[in-house]
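Biologist: I'd like to go through this one with you. Can you put it up?

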Amino acid sequence: MSLPARTILSIVIRMLNSCVDLDSLTSSLLYAYIRSTTPTPNAFTPLYIPITNIPAADVDIRPEFLKVLSHANLESHHLITLDDLPDLSSIESQLPPHNTKWILVDHNALQGTLGSIYSERVQGVIDHHEDEGKVPTDTGDEPRIITKAGSCTSLVTEYCSSAWDGLSSSAQSSGAAHGQDDASGVVDDSAVSALWDAQIAKLALASILVDTANLQSKEKVTDHDVYAAKYLEAKLTAAPQVSKDFDRAKFYKEINAAKKDIGSLPLRDILRKDYKQWMEGKRNLGVSSVVKPIEFLQEKAKEELQDKSKQEAFLAAVEHFAQERNLQIYGIMTTSTSANGDFQRELLVWSFTPEATQAAKKFSQIAAQELGLEDWQGSGGSLDDVEGEKQWRKVWRQREVQHSRKRVAPLLRQAMS
Ligand SMILES: [Mn+2]
């Protein structure tokens with residue numbers, strides 16, 4: 001996509017420094033699809049552009065994206081990614097802020113280089129993270145919705161539902177009006193529209209199911225998710241091609257399996273696949289979420305650095321990852337299922353400067369009880385290095401498994417502030 005100089009854009013985006021997951025992808029696609037088809041009377045521009053906030057090459061390290069897109073007859077090269085924006089060094093002149101309006105989904109603060117240029121132009125948000133107070137209270141015709149939900153896509157579905165219903169019923173009546181076209185071989189508008197609706201509904205449903213463990217996770221499911229899933233399934237039913245062999249539990253399993261299918265990725269990609277970074281004071285904190293246990297990561301590291309033991313190889317790779325990003329504290333959170341089916345978490349925290357070490361030790365005190373932190377031992381022994389003055393490292397089992405990065409990162413930031 002090349003942008004003419006006077007392009008006016010409404011950009012729906014899941015922004016920098018943070019990981020783009022399935023929820024981010026489907027939130028922006030759904031919002032842009034519905035709003036571009038039903039712009040408000042005073043819309044800044046009728047075209048809403050969903051930007052997937054990663055380089056195009058990074059789509060391929062997310063097997064679940066490819067799987068979900070295939071259900072909507074989409075391929076990775078159809079997505080608009082960071083590669084389609086002008087180069088950051090000249091973006092301000094090529095895409096002047098006053099010609100843009102930004103709507104954030106699945107996060108609520110525009111950061112990084114784009115944030116420094118465009119944050120004044122953020123005029124709408126739908127999100128389920130803690131409100132950072134960066135989006136203005138009055139967002140005019142665009143929403144300002146920040147509330148708890150298992151999936152941000154549920155909130156987008158809910159917000160768009162009445163516009164979407166209006167869209168579907170007008171397609172139906174125009175389909176009826178053009179009914180005579182069927183005989184002449186012209187495809188029925190309403191059937192096409194029902195198919196597109198069902199496909200985008202299936203995309204959205206994938207995120208909601210993944211984020212709420214097929215609506216079974218008591219900690220995560222909210223009324224928004226239940227409502228949205230039901231609403232989207234009704235859209236599926238309207239298109240027999242999509243609904244005929246649809247089974248919710250099977251669909252959830254398929255997407256979830258794709259998400260965990262990271263065995264073929266190099267360790268570095270596994271660590272950056274679901275990675276978030278914050279600046280706290282002048283110090284950088286990064287946290288990777290990984291869907292495999294630390295033992296798996298150690299084996300992976302050993303495959304890549306065969307002359308080292310698996311602990312050494314793993315630690316070297318992790319340290320390198322942190323150095324590349326100039327992190328003072330780096331955390332890795334893993335999730336996995338035990339042999340008898342229990343959901344489990346591990347947490348690694350590594351600090352790289354004396355100051356950060358103080359913060360990391362403080363974290364281990366303030367968070368120990370809430371997170372249920374217990375000493376960890378792998379088959380290759382401990383990975384702790386608690387004596388170090390400059391560096392400090394600790395690995396735990398996190399027994400309070402309901403706490404995801406949404407809770408752990410704020411605790412780390414609190415200890416650093
Ligand atoms: Mn989300």
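Biologist: How much area do domain 1 and domain 2 bury between them?
Modeller: This is a predicted model, and in it domain 1 and domain 2 bury about 1,300 Å² between them. Of that area, 50% is on carbon and sulfur atoms.

Biologist: Where are the domains divided?
Modeller: Domain 1 covers 1–261 and domain 2 covers 267–416. Their C-alpha centres are 32 Å apart.

Biologist: How many residues of each domain are in contact?
Modeller: On the domain 1 side 15 residues, and on the domain 2 side 13.

Biologist: And how many salt bridges are there between domain 1 and domain 2?
Modeller: The count between the two domains is 2. As for polar contact, the rule finds 3 residue pairs across the interface, with both residues at pLDDT 80 or more.

Biologist: Which helices supply at least two residues each to the side of domain 1 that touches domain 2?
Modeller: α2 (63–70) and α9 (248–260). The residues on that side of domain 1 divide into 7 charged, 4 polar and 4 nonpolar.

Biologist: What does Arg272 meet in a salt bridge?
Modeller: The side chain of Asp58, at 2.9 Å from N to O.

Biologist: Different topic. How many aromatic pairs does a search of the whole structure find?
Modeller: The search finds 12.

Biologist: Take Trp102 and Tyr118. Why is the pair called tilted?
Modeller: Because the planes of the two rings are at 35°, and the tilted class lies between stacked, under 30 degrees, and edge-to-face, over 60. The ring centres of Trp102 and Tyr118 are 4.7 Å apart.

Biologist: Where in the chain are Trp102 and Tyr118?
Modeller: Trp102 is in strand β4 (residues 100–105) and Tyr118 is in helix α4 (residues 112–118). They are 16 residues apart.

Note on methods
Residues numbered from 1 in each chain as written. Predicted model: local features only at pLDDT ≥ 70, side-chain atom pairs only at ≥ 80, totals over all residues. Heavy atoms only, no water. Domains from an automatic or database assignment. Contact = heavy atoms within 4.5 Å. Buried area = accessible area lost by both parts, 1.4 Å probe. Salt bridge = Lys/Arg side-chain N within 4 Å of Asp/Glu carboxyl O. Polar contact = N/O pair within 3.5 Å; in protein donor to acceptor, adjacent residues only side chain to side chain. Helix = DSSP H or I, 4+ residues; strand = E, 2+ residues; numbered from the N terminus. Nonpolar A, V, L, I, M, F, W, Y, C, P; charged D, E, K, R; others polar. Phe/Tyr/Trp six-rings, centres within 6.5 Å; stacked < 30°, edge-to-face > 60°.
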